[in-house]
There are 2 protein chains.
Amino acid sequence: MNTAASSLRDASAAVLAGRLLGGDRGALAHAITRAEHGGECAIALLERLHAHTGRAWRIGVTGPPGAGKSTLTGALVRELRAASATVGVIAVDPTSPFTHGAILGDRVRMSGVSNDSGVYIRSMATRGAVGGLSRAAGDAADLVDAAGFDYVVVETAGVGQTELDIADAADTTLLVLVPEGGDFVQALKAGIMEIADLYVLNKSDRPGAHEALLAVRSMLIAGHPAGGGWRREIHPAVATESRGVAEVAAAIASHRRFLTESGELARRRGAHLARRVRRLVEGMLEPQLWDEVRTRELNSGVDDLLHGRLSPHRLAERIVASFRAGVAAPATRR
Amino acid sequence: MNTAASSLRDASAAVLAGRLLGGDRGALAHAITRAEHGGECAIALLERLHAHTGRAWRIGVTGPPGAGKSTLTGALVRELRAASATVGVIAVDPTSPFTHGAILGDRVRMSGVSNDSGVYIRSMATRGAVGGLSRAAGDAADLVDAAGFDYVVVETAGVGQTELDIADAADTTLLVLVPEGGDFVQALKAGIMEIADLYVLNKSDRPGAHEALLAVRSMLIAGHPAGGGWRREIHPAVATESRGVAEVAAAIASHRRFLTESGELARRRGAHLARRVRRLVEGMLEPQLWDEVRTRELNSGVDDLLHGRLSPHRLAERIVASFRAGVAAPATRR
């Protein structure tokens, strides 16, 4: 390890962390970019700021494409701002208008938010490694938290495992559904209903909304109870008109009280942190596992696989044995 | 290792493999169940059958919920059967009617297929570990292949990473889109267009179909070219009426010829096998990594994390060091 490079990195992290803690928005933006890139510079910075995290309330917003997550997030931000709270938004949604530089397609209606110094909005790219995105989104939420925002809203699109991983790392997770398209039925079937703390039936002025509401309610009653005895409910809303959004904000506040008073919050945040450490460990071991030696073993084994001379399981066993031997050999311990 | 148990397992695998290779459908069903459960019994069986795989043509069918993947798969099966080919279907779709025991919601229309001995249909559960599902689906496709079917169709729902992993392990991957709902635009934006070899615009008798077709065509022309110079195309279809399905089958045949003649097939299957081995290796190392010792280290570190006395990265580094030391120590080498 290069000591000069490492002390330069620490000095740079100290300066950036100081500016971020002092409320400098440029420093926050710079810090998130550093977290996106990952590596030692990101670690040095996150290290320094970890002790300043844990104060913000983290809200995850997820749901199928077209459910109106961005519109709901925008309306929720206005609602939280009306109570003088500051809000940071991390948008991890490839289809979100956030990623095009506006909080909503309709810039005019949102100008009150996008020019507001109590609001910070940041979009994150979904291209590239999906696992990396999940890590970077968590790191970005930490940075917004350390920067002193009262709320961090993380918005993700889709209902895949990664999106759930991201949304699930929140204190309060919202699942946004819509009456049409049968999305809610599919969400129920896929078993993802149980990941959320609150449900929002957006576009609830559309046909079929009442039936959808009743269907989800009966599923929530029949489903597994949430940790600590929280009662999951579905809230109808029309985000484009901010209808039902005050009720959603009230439900978030009520969930926050519940988690805090029941002691469930520490358990939940502990579980999130443990999951994050597991992912970090796996990310650190990956380059050690798939180094030049194992990559060569894998590539040379593929030809035997294609000709049926070797099976995938045997090759995998061989590589695992090689990794164990390599880790044990002092030569590879740098 | 228990030698008696291991030789019993080998004997049982030999009997089951023999029956499966002899065309016994009950043995195939039993073998897939064994693959779903995983573990040593599954490995012993897959070991024995690996040399018999590679003959079937594997078709992956994926796309957003509601795109009509199951209907298209059903129509495609009839088309392939009309040319006297045998077809095995692995349905990994929580919303698929396959998983309810029928190839389509309309059993009457499909009775020709579901009573046909040249067709084998198997659904796989999506609950539980998602990574495990991806492995099990690949293993099931191998078993159907070894059982002598000419085609294996793997149908998955959604557009998440796991679904892509499953569909992408095919020789020919189909992405099914529909005109409405902007699904195709979202698919384009999410960058998933490039994973498929063929595109099907299902429900192409609906409003907006022509515009959607043109939009996707221009994206396909603008996008990155496929490996080896294959030209991706979108085919309009109305799967409920089997319209356009013959063209889809012809495009699959054309893609097959292209891959075989260009030598791209070996490269592609090699890449799939390498990915599979990587997953197997990671699956084997996981229980070694997260054994009692590391799980305890993780859990006891979480309290320090919650109080800001330790950062996630430092804890991860500590666990990685412990793993390296543990692997190196002879005591843990059983």
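I started at V200(B), which stands opposite H235(B) in β7(B). I then looked up the strands themselves: β6(B), residues 198–201, and β7(B) pair in the parallel sense over four bridges (strands pair if DSSP finds at least two bridges between them).

A note on what I am reading: this is a predicted model, where local features need pLDDT of at least 70, side-chain atom pairs count only at pLDDT 80 or more, and totals for chains, interfaces and linings use all residues. Residues are numbered from 1 along each chain as its sequence is written, while chains are lettered from A and ligands numbered from 1 in the order in which they are written.

Next, I turned to chain A and found 13 helices and seven strands (DSSP runs numbered from the N terminus, helices being H or I of at least four residues and strands E of at least two).

I picked one helix pair there. The axes of α4(A), residues 69–82, and α10(A), residues 245–262, come within 9 Å and cross at roughly 70° (axes are lines fitted to C-alpha atoms, for helices over the stretch in contact, with angles from 0 to 180 degrees between N-to-C directions). The two helices are therefore roughly perpendicular to each other (65 to 115 degrees).

I listed who makes the contact: A75(A), L76(A), E79(A) and L80(A) from α4(A), with V245(A), A246(A), V248(A) and A249(A) from α10(A) (C-beta atoms, placed from the backbone, within 7 Å). I sorted these residues into seven nonpolar, no polar and one charged (Ala, Val, Leu, Ile, Met, Phe, Trp, Tyr, Cys and Pro are nonpolar, Asp, Glu, Lys and Arg charged, the others, Gly among them, polar).

Conventions:
Angles under 35 degrees count as roughly parallel, over 145 as roughly antiparallel, 65 to 115 as roughly perpendicular and the rest as oblique. Two residues are in contact if their C-beta atoms, placed from the backbone, lie within 7 Å.
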